[in-house]
Amino acid sequence: MRAALHGLTTRGRCLIAAGLAAVVCAVLLGEKDLLRVAVVLLVLPALCVVALARARFRLACERSLSPTRTPVGEAAEVRITLRNVSVIPTSVVLVEDDVPYALGAHPRFTLDQIRPGHDRELRYLVRSSLRGHFAIGPLRLQLSDPFGLVELTRSFSTSDRLTVVPGVVPLRPFPISGATGDGPGSSRRSIAARGVDEAATREYRQGDDLRKVHWKSTARTGKLMVRREERPWQARAALVLDCRVGAHRGEAPDSSFEWAVTAAASIGAHLITQGYLLALADHAGVLEHELDSRAVLLDRLAGLTLVDDSPLTGAIPALRSAARDRTVIAVTGAITADQAAQLTSIRSAATSGLAIAVDANEWTQLDPPDRDRAGVEFAAQLAAFTDAGWHVAAAGRASSIDGTWAQLGEQVASQRRAAASAVRASLLYNAAGAR
Amino acid sequence: MMSASTRLTVAAALATFLGALPLSGSFSDWGWLGHTVGAIALIAAVGLALRAVRAPAWAVVVGQLIALLLFATAAFASAEALGGIIPSLGSFEQFRVLANDGLDDIQYLAAPIPPSTEMIAMTAIGVGVIAIVVDFVAAGLRRPAIAGLALLALFAVATSVTNGVPWIEFGMAAAGYLVLLAVEERERLLAWGRVITAHDSASGPAFAAPAPAGATVRQRPRYATASRIGVVTLAVALIVPAAVPGLSRNLLAKVGAGADGVGNGDNGTTGDSLSPFTRLKGSLTESATTTLFTVTSTVDNPYYLRTIVLDQYTPAGWRASGDDDDTTRIGPGLPLGPQVQQLQSQGQTRQVSSVITIGQYSDSYLPIYYSASSVSSPPSSSGTRRSSSWQYDAELGEVSSSRLTTSPGEQYTVTAVEPKPSQAALSAAAPVAANDPIMKRWGDLPAINSKVLQITQDAVGDATTPWAKSVALYNYFTDGRNGFQYSLQTAGGSSNDALLDFLTNKQGFCEQYASAMAAMLRIEGIPSRVVLGYTSGTYDAASKTWTVTNLDAHAWVEGYFTGIGWVEFDPTPLGDGRTQYEPYLPAPTTTPNEQPTEDQPTADSSTDVEQAPESSSDLITTLPTTDDTSSGSAISASTAIAIAIAVVVIALLLIPAATRAAARRRRSALARGPDPGLAAHAAWDEMTATAIDRGVQLPATDSTRALARRLLAVPSLDEPAKSAITLIADAEERSVYARHAGVEGDLAAALRTARHGLLSGLSRGRRCWIALAPRSVLAGAGRGQSRLALRYTQTRDRLAAAARGLLPSNR
């Protein structure tokens, strides 16, 4: 009752105020007709309060998202089932789901009476042009009387999470390991170094078949471990993404960073599909050591945001150890030649390094002198990668991800051709190995 | 499909229409309604059309104003309009005239008035403007609560004009407002979000009842709750003010005394809320002296100038009956009474002609002399219609107008033929017969206190002829030995009790004297009436004019004598020295109706002048005495109303219990009946209803068996009750699902046992409460399932019958 009283709308309060004024006037003037008006104005809100306070029905709410993970720009359907779990029918209920504004306006529904035990299904679509994790919900119910004098808001507590992942562009495969022949299926050396047991198990993740639990290593590690389906002698790669604020320009969704993330997602997904075990790192450190699931990769990338300008220097040792014996693929923003040189040092000997240098300045407007200077810096950056023996492809605002990836492929292929012409025997060996 | 704005426009028009209904109290018939409804409908139609083409809100208002103007032109000023509809300058002039006439009507006519053209026009246009405002605020701005202010204004006009709006009209006006609120709120809800109804939602429960026939129609939130709340609100609003005693003066006055005349403004003749006596007293007790009018006369002793005649004597006192249908326009050659004509032929009359110049006198009655033969029109009465001219009522000797009032500077001439009957003629006048129409008209008496009768008898003494009796009564008041004193410090009122008070206390002023003597004349069988007017005033010899001030207001008596007509008496004894002067009536001369004023007219009025100011302050506070006299019966009437309301309320409160009892009897009868299926349903329904009454939760979604389990879980059930419940549930289950309904056992007896068991273990108060407010009735629960079961059974029976008809008979 108290809640209902507090729920009086402006209209309700105005009616009560007018009613009180009318009572005073009626008493002063002795006007019976005015008293009747006053009674109407006072009794109506009172009855509405009582009616609303008496409406003690309970609703159960169930929300499902399909899919829970959706690429940028694609819609996901939210489905809400409201069930009347009380024994009295509901009144008209206004329903509003709380979604972040990035997903659009709050979806609203007007529900007529729900009989006991019955339910209503509400559906709506959400679409986001931004990556990220978004909370859907909680659901809010608004009850009001038929005259709009009282309004009660009740809220459910649960919310669901929608993950908007970066879009994935299908890429053409090429042997990224280049001339060294460190392609998929040929990293026996590292397996031998670690031991099969360890390499063949990984921690349990939701959705794994319980029959695959590897009890021996579970007992040893104290965590639920499962056997890998994949071959343990897996090809490995490390993906490094530059997430510094200073390295990127433009506002999401049209920014150099989004381009870089989308490129990383496409390359990562491509490599995982190709059977690579992926390490994911940003400029500050390693995010994932052993990625073999496209979904996990995309989840991680969905949550990536630009962070402040920490120097690359600090993370180099960690990156180097994560990238040991792996092909390194770096996606960089605006980076000085010095920093580029540092970054190239993470590549182990006898592995190849690929870099996509995103020309972040293309996402901003620069004065001619600045533009010229930025052009010089960018050229120096490219040179730093090339000097360190990396394959590098420059990407601008208009570049397509698969095109840029194809450029890298060209470089790798030409290097391989060069190597072939130099050492025929080696070429023959390598060609056979690659096949 | 109606759009939101369409529904709101219609609702606004409906609210305005219902809000205009209370205005009917101001009119004597419903002739005004047509134009008003036309205006509202036109405004709504224009609103609908403009909103259909999505015109902005201001354009809608402009369009509606233009439409209203065209409508008013076509309806009320088409003569001057172009093509009968486009207003020209002439039409606006016509509107101005209509408005003036309408304002005059409002000012001078008392409700209810006949719906004249100007009033119809004003009402239609006024309500039309309100309709535009309501439409704009409610449908344009979507603020229906605020539109209530415009409707309230309409209602205020209605209440201020009439003496309380009838409850039914108030109810309709309020209902219109509530409808407006509810419609707007519903539109708000519908516009709030996507509307999801049972049919939009694919996943209904499997056991949902089959969709009704009209299932293709999209269901939307309905007005059920709104109408429930609205009806209760209106009921409370109609009952509560009637039950509040302090405020319902209007109600009391209406119920208690009906039209109690004096002291109540509804006597219909004055158009003024004050009774003539109250005005007289107010005039006498006013602290300032104002010159009302001056008189230049052809004679040097003109008699009193009369304004109003009080012809009815009711328990509440003297009042004017307002019976003024027999009137003629003033002018020369006004009809003289037959007796006056006879006296004129006998030379027993006197011709008096006076020019009266109005000063501060502002009234709808012209002061004239008795038996006027000609009254010239004051200049202002140039109107041509009956209502806008001064009318002479020969029977009463009044000149009044329903519309005009006098204004300063106006002059008119009154010529009168004053009867001067001889003493002999008066003495010879025979008593008026009891069945004479004159007696019926002027001799009517209410029940009179026996003490008053006694006093009258004593005063009359042994006089026998009407004249002798009249003189005796006159002497009774004017003879100083009887102890009557002039005093303005007397409470007003001329009612029955006031009469006795006056005759006992012997203190009063002209109101009491005139009332008392007129009443006593009627007691003695002499037709009489009280005349209000002015004494001759103060004579200024230099200018030869009489100046009449407010302090000259006076009341006197006329008695009717056969063959002579009305003869005037002024029983008021005049104060300070004037009381000695009464030489003529103990021994009446040939001029009996020449009263003391004849010789010293100025002194007559000067007594009032001297007495009045000192007493003015405490008099006004004691004025409303007539209300008190009527309140006794009124309170008993209000008690009766309160009792009646209480009875109705109690009857209403008993409805659920009665409904429940009726249902129980019906079901018990069915449970004893021959049809096993029906008996099972009835017993089951009654048992579940009892359980619901007790507060057991019985979800409509549960199966019969599950419900039976819930029933069996009720605490305090004994074994017989449990087996009875099981039996009834079994019977119900069989009747619904089995090929043949019916179980072994006495369902009626089982029902009794089950009911007893279900209600056992409850306190007496709780059981009373269950009987008075049975949940099964109040919540309307427990019906759906059994109805469904019944329909299922019926369908099955029909199908079975059809199948039997189709199959070849084995027999």
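Helix 7 of chain A passes helix 8 of chain A in a right-handed crossing. The model is a predicted one. In chain B, helix 7 likewise makes a right-handed crossing with helix 8, while helix 21 of chain B passes helix 23 of chain B in a left-handed crossing. Chain B also meets chain A, with 53 residues of chain B in contact with 45 residues of chain A.

**Helices 7 and 8 of chain A**

- Helix 7 of chain A covers residues 256-274 and helix 8 of chain A covers residues 294-302; their axes come within 9 Å and cross at roughly 165°.
- Because angles over 145 degrees count as roughly antiparallel, helix 7 of chain A is roughly antiparallel to helix 8 of chain A.
- From helix 7 of chain A, the residues making the contact are Val261(A), Ala264(A), Ala265(A), Gly268(A), Ala269(A), Ile272(A) and Thr273(A).
- From helix 8 of chain A, the contact is made by Arg294(A), Leu297(A), Leu298(A) and Leu301(A).
- Sorted by class, this contact of helix 7 of chain A with helix 8 of chain A has 8 nonpolar, 2 polar and 1 charged residues.

**Helices 7 and 8 of chain B**

- Helix 7 (residues 167-192) and helix 8 (residues 224-243) of chain B pack at an angle of about 150°, and their axes are 10 Å apart.
- On the side of helix 7 of chain B, the contact involves Trp167(B), Phe170(B), Gly171(B), Ala174(B), Ala175(B), Leu178(B) and Ala182(B).
- These meet Ala226(B), Gly230(B), Leu234(B), Ala237(B) and Leu238(B) in helix 8 of chain B.
- The contact of helix 7 of chain B with helix 8 of chain B has 10 nonpolar, 2 polar and no charged residues.

**Helices 21 and 23 of chain B**

- The axes of helix 21 (residues 676-694) and helix 23 (residues 719-737) of chain B are 8 Å apart, and the packing angle is about 130°.
- Helix 21 of chain B and helix 23 of chain B are therefore oblique to each other.
- Helix 21 of chain B brings Gly677(B), Ala680(B), His681(B), Ala683(B), Trp684(B) and Met687(B) to the contact.
- Helix 23 of chain B meets them with Ile725(B), Ile728(B), Ala729(B), Ala731(B), Glu732(B), Ser735(B) and Val736(B).
- By class, the residues of the contact of helix 21 of chain B with helix 23 of chain B are 9 nonpolar, 3 polar and 1 charged.

**Interface of chain B and chain A**

- About 4300 Å² of area is buried between chain B and chain A, and carbon and sulfur atoms give 67% of it.
- There are 2 salt bridges across the interface of chain B and chain A.
- A salt bridge joins the side chains of Arg11(A) and Glu184(B), at 2.7 Å from N to O.

**Salt bridges in the whole structure**

- Over all chains, the structure has 43 salt bridges.
- Within chain A, the side chains of Arg123(A) and Glu77(A) form a salt bridge, at 3.9 Å from N to O.
- This pair links distant parts of the chain, 46 residues apart: Arg123(A) is in strand 6 (residues 119-127) of chain A and Glu77(A) is in strand 3 (residues 75-84) of chain A.

**Backbone details in two loops**

- The peptide bond from Ser66(A) to Pro67(A) is cis, with omega near -10°.
- Pro67(A) sits in the loop between strand 1 (59-66) and strand 2 (69-71) of chain A.
- Arg142(B), a residue other than glycine, has a positive phi, near 55°.
- The loop that holds Arg142(B) runs between helix 5 (117-140) and helix 6 (144-161) of chain B.

Technical notes:
Residues numbered from 1 in each chain as written. Chains lettered and ligands numbered in written order. Predicted model: local features only at pLDDT ≥ 70, side-chain atom pairs only at ≥ 80, totals over all residues. Heavy atoms only, no water. Axes fitted to C-alpha atoms, helices over the stretch in contact; angles between N-to-C directions. Helix = DSSP H or I, 4+ residues; strand = E, 2+ residues; numbered from the N terminus. Parallel < 35°, antiparallel > 145°, perpendicular 65-115°, else oblique. Left-handed = near helix turned anticlockwise from the far one by under 90°. Contact = heavy atoms within 4.5 Å. Nonpolar A, V, L, I, M, F, W, Y, C, P; charged D, E, K, R; others polar. Buried area = accessible area lost by both parts, 1.4 Å probe. Salt bridge = Lys/Arg side-chain N within 4 Å of Asp/Glu carboxyl O.
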